[in-house]
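Me: I have a model open and would like to talk through its architecture. Could we begin with how its elements are named?

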Amino acid sequence: MIQPVYSPAPDRYENGMKYRRCGRSGILLPEISLGFWHNFGDVNAFANAQAIAHYAFDHGIVHFDLANNYGPSDGSAEETFGQLMKKSFLPYRDELFISTKAGHEMWPGPYGNWGSRKSLMNSLDQSLRRMNLDYVDIFYSHRYDPETPLEETLQTLADIVRQGKALYVGLSKYPADKAAFAYQYLEERDVHCLLYQGRYNLFCREPEEKGILRQAQANGTGFIAFSPLAQGLLTSRYLNGIPEDSRMAQGRFLKKEALTEETLRRIQALNRLAARRGQTLAEMALAWLLKDGQVTSVIAGASSVTQLADNLKALDNTSFSEEELKEIETVSKGSQREG
Ligand SMILES: NC(=O)c1ccc[n+]([C@@H]2O[C@H](COP(=O)([O-])OP(=O)(O)OC[C@H]3O[C@@H](n4cnc5c(N)ncnc54)[C@H](OP(=O)(O)O)[C@@H]3O)[C@@H](O)[C@H]2O)c1
């Protein structure tokens with residue numbers, strides 16, 4: 001069947017999306033970005049992936065977050081994106097802000113993992129081929145590599161910018177002391193670190209607790225939150241058991257053990273609070289991250305257009321009363337750390 005040519009919504013920049021400045025930079029990012037970790041692999045239906053990506057762009061989500069190993073299989077989310085580029089987004093390349101990363105295991109042997117120059121350079125070349133791109137907007141070191149001299153990883157990031165293969169660079173999941181070193185090293189080479197990407201949600205407060213948010217802000221680096229819904233825990237998904245088509249049912253990255261009785265009680269309490277605000281739990285969880293200026297953007301995942309549409313509604317109300325904030329703190333900050 002011949003597919004009709006995609007024409008994006010003409011009102012895509014006027015239907016609710018807001019854009020935030022990314023630290024001390026010229027870049028604005030949408031408050032909600034779309035993540036390709038799950039639901040875009042070769043195990044997933046292309047038509048659904050395409051519908052989600054179209055819906056996102058039609059609603060002003062111009063930032064898509066990828067990595068070399070997203071799938072499954074590894075690399076296949078980038079291939080899906082490459083198809084989307086060819087079929088839909090090529091005329092709109094300059095409206096899009098595309099990321100990829102390297103640092104997790106990708107191909108066999110000593111060079112397909114971690115943070116060596118060899119691994120990062122080769123991985124980015126592979127990513128560009130899979131995605132049908134000449135360059136990415138931002139390339140991340142996906143995780144700190146304790147064995148490779150940090151200077152080697154960082155010099156590679158600087159060189160990738162000089163080569164024009166990435167316009168900006170970022171760090172993902174770096175410990176605070178290594179991020180501090182990285183910010184300075186890159187700055188001294190006239191490469192500003194645009195973004196720090198970290199796990200941040202109502203159940204995981206590490207960026208607050210470990211000073212990552214403060215540090216990024218002081219450096220003029222934006223902070224972008226991944227797994228803002230704790231992989232689905234902070235939604236209505238698991239209120240009534242574990243649906244067959246859910247991430248938890250797959251059991252790879254979100255294990256059933258994460259849904260303890262205590263966690264379920266907290267999810268239920270947060271859900272009641274969200275209902276009082278006239279929001280779904282997913283909407284409130286995203287709104288909470290966007291309540292002040294500390295987070296530049298949240299990278300939400302979605303397995304359907306319906307979920308993405310729900311998530312976008314978060315933007316309708318991102319303010320919280322003092323009482324709501326206090327109650328959220330009491331309910332969400334338990335002894336455990338999930339998601
Ligand atoms: N830098 C890193 O190391 C790193 C690590 C992890 C993620 N990330 C990035 O962050 C992105 C987001 O991570 P994530 O997928 O874990 O994000 P998330 O937003 O916390 O979870 C997404 C999942 O929550 C469920 N969901 C989403 N919206 C929903 C709604 N409105 N109602 C009910 N359920 C809903 C869906 O689960 P079901 O599939 O069960 O429907 C969806 O797949 C990734 O795609 C990736 O780009 C980066």
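Reply: Helices and strands are DSSP runs, helices of at least four residues (H or I) and strands of at least two (E), numbered from the N terminus. The model is a predicted one.

Me: How many helices and strands does the protein chain have?
Reply: The protein chain comes to 12 helices and 10 strands.

Me: Which loop holds proline 72?
Reply: Proline 72 sits in the loop between β4 (63-65) and α2 (76-89). Serine 73 is found in that loop between β4 and α2 as well.

Me: What kind of peptide bond joins glycine 71 and proline 72?
Reply: The bond joining glycine 71 and proline 72 is cis, with omega about -10°.

Me: And the bond from proline 72 to serine 73, what is its omega?
Reply: Omega is near -5° there, so the bond from proline 72 to serine 73 is cis. As background, most peptide bonds are trans, and most residues other than glycine have a negative phi.

Me: On phi, what is the value at asparagine 39?
Reply: Asparagine 39 has a positive phi of about 80°, although it is not a glycine. Asparagine 39 lies in the loop between β3 (32-35) and α1 (46-58).

Me: Changing topic to the sheet. Which strands make up the barrel?
Reply: The closed barrel has 8 strands, running β3-β4-β5-β6-β7-β8-β9-β10, and the pairing is parallel. Neighbouring strands of this sheet are turned by 30° against each other on average, direction ignored.

Me: Which helices lie across β8?
Reply: Helix α5 (residues 176-188) lies across β7 (166-172) and β8, and runs at about 165° to β8. Helix α7 (residues 212-219) lies across β8 and β9, at about 170° to β8.

Me: How do α5 and α7 sit against each other?
Reply: The axes of α5 and α7 come within 10 Å and cross at roughly 10°. Angles under 35 degrees count as roughly parallel, so α5 is roughly parallel to α7.

Me: Which residues meet there?
Reply: From α5 there are Ala176, Ala179, Ala180 and Tyr183, and these meet Ile212, Gln215 and Asn219 of α7. The contact of α5 with α7 has 5 nonpolar, 2 polar and no charged residues.

Me: And on α4, at what angle does it cross α5?
Reply: Helix α4 (residues 150-163) and α5 cross at roughly 45°, and their axes come within 10 Å. The two helices, α4 and α5, are therefore oblique to each other. The crossing of α4 past α5 is right-handed.

Me: What makes that contact?
Reply: On α4, the residues are Leu150, Glu151, Leu154, Leu157 and Ala158, and on α5 they are Lys178, Phe181, Ala182, Tyr185 and Leu186. By class, the contact of α4 with α5 divides into 8 nonpolar, no polar and 2 charged residues.

Me: Back to α2 for a moment: how far apart are the axes of α2 and α3?
Reply: The axes of α2 and helix α3 (residues 117-131) are 7 Å apart, and the helices pack at an angle of about 45°. That makes α2 and α3 oblique to each other. Glu78, Glu79, Phe81, Gly82 and Met85 of α2 meet Ser127, Arg130 and Met131 of α3. The contact of α2 with α3 has 3 nonpolar, 2 polar and 3 charged residues.

Me: Lastly, what is the radius of gyration of the protein chain?
Reply: The protein chain has 19 Å, which agrees with the value near 20 Å that a compact globule of 339 residues would have. Along the principal axes, its C-alpha atoms fill a box of roughly 55 × 50 × 40 Å.

How values were computed: Residues are numbered from 1 along each chain as its sequence is written. This is a predicted model: local features need pLDDT of at least 70, side-chain atom pairs count only at pLDDT 80 or more; totals for chains, interfaces and linings use all residues. Two strands pair if DSSP finds at least two bridges between them. Axes are lines fitted to C-alpha atoms, for helices over the stretch in contact, and angles run from 0 to 180 degrees between N-to-C directions. Two residues are in contact if their C-beta atoms, placed from the backbone, lie within 7 Å. Angles under 35 degrees count as roughly parallel, over 145 as roughly antiparallel, 65 to 115 as roughly perpendicular and the rest as oblique. A crossing is left-handed if the near helix is turned anticlockwise from the far one by less than a right angle, and right-handed if clockwise. Ala, Val, Leu, Ile, Met, Phe, Trp, Tyr, Cys and Pro count as nonpolar, Asp, Glu, Lys and Arg as charged, and the others, Gly among them, as polar. The radius of gyration is taken over C-alpha atoms; the globule rule is 2.2 Å times the number of residues to the power 0.38.
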